[in-house]
Amino acid sequence: MSVDCAHVEEDWELFALGSLDEADQQRMASHLQSGCKECQRRLVEARAVVASIATTAPARQPSARVELDLMKRVRGGKSSGPIWSGFWPRWSMAPWAVAAVCLVLAGWFFWQQRRLGEELAGANSVIRSLRQAGAPTTPVSPRITEAPVTGPPVSPPSASPENARAADTGPPENRSSDNRRLAELAAENEEIRKENTALRAASAAAEQHAVEMQAALNAAQARTDALTRDLQTAKNSGSENQAEIAALNGQLSKSRDEVARLSQVMARSAQIESLLRSGSVQEIELRAVDPAAGKGFARVLYSPQGGLLLVADSLPKLDHEKCYQLWVIRKGAPAILSAGLLQTSDDGSGFLMAQPTNDLAQLTGLAITDEPKGGSVSARGHKLLFGAR
Amino acid sequence: MSSWDQEDVELLTGIARRDSDALLRLYRKYNGRVFSLAYRILDDRAAAEEVLQDTFYRLWDRSQLYRPEKGQLISWLLTVARNLALDHKRKESRRADSNVFFNGEEWSGVDPDSLPATASLEDPELSRTIRKVMEQLPAEQKTVIELAYFEGLTHQELSDKLGQSLGTVKTRIRLGLSKLREAMRGKVMML
């Protein structure tokens, strides 16, 4: 093989694959060192093509022990220390896994806070208007985000001298109406406070669930390893009991599926957690822009550092040959990027998580289209839902 | 998407400052992919975990040899893991300096802007596409690519093993890889 810039892409792919004989491999390496930019460019792409073959390997997860050993090695054999510090201050002994339930609850908690905050803003707005009208008011405190759970609930208008003086102002019919409204607000406040308490209890339960899920994963992993050993032993011993081997294979397959499922759940949980903690999280609401979208709507949380989380509801059921696909609309080229396919349920709910990417920093809008099953390279379907920053 | 990930670059900068948390974050990001590859090559959990740890330790120990303009970090990690796993499998390195990322070569004067965009291997859609392309390859192309990649066989070794001419082996690998390349390029337009 001659070494000049006549190299085609295939040569660099074979080079990256390492399947050339040693002499050719060395000649091409020497050519690279001569500084040929075109060949360097080709090799970068060739490496990615060759590395993509690795993605065909069945997904597996290492045990948590590898991470501990690596950190111990990196930290000079000293105590591995609080590996999880900065991530899991309360769960310093917990491994990377966090149960999906816990994180989904965390997300739910986040949304509840936001919703209640909006209600609070609305309530305070009403109070301000009442104050302008001269009615007695008791400011509604920001219970969820600032006030302790056990804080005093907002009381209905009391018979305090101050309130009594204020209540003397304005026409009697207005005062009566205002008092009713304030009583409603106080009741609403109490409901919200109870809801907050329940959420915190749910969060604690979810924390316990996370620990249990980790134990389940560990057990499933141990079961898989034991089955693998048993199977190998049976094979090595030349066992003629094919039924036994087949049964072990069946159990092993199920066990591996369970490990993969749990690992997937935990990986997703970790991503949700990462998103919620990444800071500068933006929110976009997607609304139906086509009658075919029915009453479908979706909310998206995203940050360039944390990725993207979409939760949709009331999506019409699509034809079997179609699927929902999310598109990122951004400044720059290409202006429209696929963010992935929604996982949908028969009840019309949808879910999607996307990995962090700098493309999200340039996001200006999001759209959901219907595309042929498996998704499209570029958006060709109907634009069903849309939302802008 | 650019051919390198800004977050990875920042974490590598952290590693250069001996920040073990930066390594930990990269480990958590990529350990599944690296371990899956090592396991596929070795079919041995303990050995694959050893390769996984060695791969990331090498990143910690020799991170200065990685250059973002050479390609995605995940490509680099997979290359390292593959070589370590193949070496482990053979008990000795067939080609001691086959790892072009770690042989100390310098690529001075590379203009990152002139480099091609490559789709992210972390994109699950890309993984699905690649798997689909591989599944749809003619059996003879798929076989030579898998033997070359997962077993580390050279053209000559493949020719001997399969009883095919050297030219046939090369042609089949090239044809198969060209289909993967087209799939990757298609994904560049997507993400």
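Which residues in helix 2 of chain B meet which residues in helix 4 of chain B? Before the answer, note that this is a predicted model, where local features need pLDDT of at least 70, side-chain atom pairs count only at pLDDT 80 or more, and totals for chains, interfaces and linings use all residues. Residues are numbered from 1 along each chain as written, chains are lettered from A and ligands numbered from 1 in written order, and side-chain values use heavy atoms, leaving out hydrogens and water.

**Helices 2 and 4 of chain B**
- From helix 2, B:Leu26, B:Tyr30, B:Arg33, B:Val34, B:Leu37, B:Ala38, B:Ile41 and B:Leu42 meet B:Leu73, B:Ile74, B:Leu77, B:Leu78, B:Ala81, B:Arg82, B:Ala85, B:Leu86, B:His88 and B:Lys89 from helix 4.
- Sorted by class, that contact has 14 nonpolar, one polar and three charged residues.
- The axes of helix 2 (residues 20-42) and helix 4 (residues 73-90) come within 9 Å and cross at roughly 35°.

**An aromatic pair in chain A**
- A:Trp12 and A:Phe15 pair up edge-to-face, 5.3 Å centre to centre with 75° between the planes (ring centres within 6.5 Å make a pair; planes under 30 degrees apart are stacked, over 60 edge-to-face, the rest tilted).
- Both A:Trp12 and A:Phe15 are buried (under 20% relative accessible area, with a 1.4 Å probe and protein chains only).

**Confidence**
- Chain B has a mean pLDDT (the predictor's per-residue confidence, from 0 to 100) of 77, and 73% of its residues reach 70 or more.
- Over residues 92-119 of chain B, pLDDT stays under 50.
- The complex gets an ipTM of 0.80 and a pTM of 0.44 from the predictor.

Definitions and conventions
Contact means heavy atoms within 4.5 Å. Axes are lines fitted to C-alpha atoms, for helices over the stretch in contact, and angles run from 0 to 180 degrees between N-to-C directions. Helices (H or I, at least four residues) and strands (E, at least two) are DSSP runs, numbered from the N terminus. Ala, Val, Leu, Ile, Met, Phe, Trp, Tyr, Cys and Pro count as nonpolar, Asp, Glu, Lys and Arg as charged, and the others, Gly among them, as polar. Rings of Phe, Tyr and Trp (its six-membered ring) pair if their centres lie within 6.5 Å; planes under 30 degrees apart count as stacked, over 60 as edge-to-face and the rest as tilted. Buried means under 20% relative accessible area, exposed over 50%, partly exposed in between (1.4 Å probe, protein chains only).
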